[in-house]
Amino acid sequence: MKHLLSAADLSHGEAVGVLDAAEEMAQATRERRIKKLPVLQGLTVVNLFFEDSTRTRISFETAAKRLSADVINFSPKGSSVSKGESLKDTVLTLGAIQTDAIVVRHPASGAPHRIAHSGWTGASVINAGDGTHQHPTQALLDAMTIRRHLMGPDPVGRDLSGLDIMIVGDVLHSRVARSGVALFTTLGAQVHLVAPATLLPVGVEQWNCTVSYNVDEALADYPPDALMMLRVQHERMSSAGGGFFPSPQEYTREYGLDSPRLERLAPHGIVLHPGPMNRGLEITSQAADGPRSTIVEQVANGVAIRMAVLYLTMSGLKE
Amino acid sequence: MNATEVLDAAGIGRALQRMAHQILEKNQGPDGLIIVGIPTRGVPLGVRLANTIGRIEPAWKPVSGQLDVTMYRDDLARRPTRALGQTVLPVGGIDGRVVLLVDDVLYSGRTIRAALDALAGLGRPRAVRLAVLVDRGHRELPIRADYVGKNLPTAAAERVRVRLSEVDGLDSVVIEGGRA
């Protein structure tokens, strides 16, 4: 695996392999005096973030540093991008300083693919979220979290077969949902999307999942083992709600995760949210901070997943 | 391909028995001893060695673990990406204990160098010793074993194959290849 551009590129075996490697990474940094492994010593990782991010950037930076790589953080503010430098020239510059991996977040869908396949760089490219397309490491960390909670005490080697995973909210703008649907179904789970019709993309009926418009009916029809609430992405809508739904209050009433809906989950059911949360909009604080919530754990697992992805893409013979 | 068996199941058993006695003699009993196998075949060998020592010293409760050294290897960039193995250490850690590393074949010494680095990240043992079933020579680093099941002079072109019933279904040590 040289690049990680889309969760849909991963075969079943590769996906389980990443999750297993992440378990080892988590174990290897938990109980040790020195939380650093020498795997990527002497290699350089650039975090190329054209979009704001807290947890993904910190998580990738932590992961690369735990593996002893040198990390360079790049944001367009304060760089030549604000003077109009193109993506190509930015990447060529990184190539000139001998970068071994580029972690890209970009508002344009497909930007990581372009960087990986245009011959601009020989570095490994890891997609950290591109537009409304893909966010594969998020899907992997969600799968890791779900597997840990629902697939027994020793999850190594297992997939997610037999589980029902429900994804609720702004599917239209969500790369998390797209990556999740691809990865969870590869791993053998059934995925159920629930969203207002205005927040579903064109062609969603072709996806490998069920689609419905009513949370309460869906909770009865497909009782989920894991319930993922998506963030309402204000910044991708024109104004509050942006015409996608009548009012935030109505969205909360129809699609928000509140205590009555939380109580309808099975006893083993867990709640996920990719963050950052709009508390009071798509999720109440009771649900976000309750015992079923795995939201903080998702962030911790994110570091392990990113260590595994950096290891699997960067170590090993380059062809 | 011509293959010569150099140890059979009974031979492996006798070698482990002798090594167990040597370990106890040198360590003046089993106190503070932690037996750590290196995957893949060092792990079952470590367990066997621990059990053998446990039979000689019934008061001692065998303490064993395993140490994956993949992330400490010096050839990561020269080979296809390796899958990671598991590291399992006994509760209480390795600080102040005597760690006995166990592997099947000692060859270049690079695996053991990686293991020493891996141990340094985990704690500070009082001492680290090395037990191997087969020492085939051709060291590339200044490393030697403290306890050896069998010294086996080999040519670099030959291949030493250790098979253990836990992994391979039978016990045997075979030299393959080289000149007939």
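Predicted model: local features only at pLDDT ≥ 70, side-chain atom pairs only at ≥ 80, totals over all residues.
In the contact between them, domain 1 of chain A takes part with 26 residues and domain 2 of chain A with 24 residues.

Which elements supply the side of domain 1 of chain A that touches domain 2 of chain A? Helices α1 and α2, strand β4 (124–130) and helix α11 (295–314) of chain A each provide at least two residues of that side. Helix α1(A) gives the most, with eight residues. Sorted by class, that side of domain 1 of chain A holds eleven nonpolar, ten polar and five charged residues.

Let me now turn to strand β1 of chain A, residues 44–49. Five of its six residues are buried, so β1(A) is largely enclosed by the rest of the structure. Which strands pair with β1(A)? One of them is strand β2 of chain A, residues 70–74, which pairs with β1(A) in the parallel sense over five bridges. Within that pairing, T44(A) has D70(A) as its bridge partner. Strand β3 of chain A, residues 101–106, is also parallel to β1(A) and is joined to it by five bridges. Here L48(A) has V104(A) as its bridge partner.

I move on to chain B. Four helices and eight strands make up its list of elements, and from the N terminus their order is β-α-β-α-β-β-α-β-β-β-α-β. How does the radius of gyration of chain B agree with that of a compact globule? For 180 residues, a compact globule would have a radius of gyration near 16 Å; chain B has 16 Å, so the two agree. Along the principal axes, the C-alpha atoms of chain B fill a box of roughly 50 × 40 × 30 Å. Of its 180 residues, 39% count as buried. Among the contacts in chain B with a separation of 6 or more, 67% are between residues 24 or more positions apart.

Strand β4 of chain B, residues 98–106, deserves a separate word. Eight of its nine residues are buried, so β4(B) is largely enclosed by the rest of the structure. Strand β2 of chain B, residues 33–37, runs parallel to β4(B) and is joined to it by five bridges; in this pair, I35(B) stands opposite L100(B). Strand β5 of chain B, residues 127–135, is likewise parallel to β4(B), with eight bridges joining the two. V99(B) stands opposite V128(B) in that pair. Helix α3 of chain B, residues 110–122, takes part with β4(B) and β5(B) in a right-handed β-α-β unit.

Finally, I come to the interface between the chains. How many residues are in contact? On chain A there are 15, and these meet 16 residues of chain B. Helix α1 of chain A, residues 12–30, contributes the largest share of the chain A side, namely five residues. By class, the side of chain A that touches chain B has eight nonpolar, four polar and three charged residues. To close on that helix: α1(A) gives the largest share of the chain A side facing chain B, and α1(A) also gives the most to the side of domain 1 of chain A that touches domain 2 of chain A.

Conventions:
Residues numbered from 1 in each chain as written. Chains lettered and ligands numbered in written order. Buried ≥ 20, exposed ≤ 12 C-beta atoms within 10 Å, placed from the backbone. Pairing = 2+ DSSP bridges. Rg over C-alpha atoms; globule rule 2.2 N^0.38 Å. Contact = placed C-beta atoms within 7 Å. Nonpolar A, V, L, I, M, F, W, Y, C, P; charged D, E, K, R; others polar. Right-handed = clockwise from strand over helix to strand, strands pointing away.
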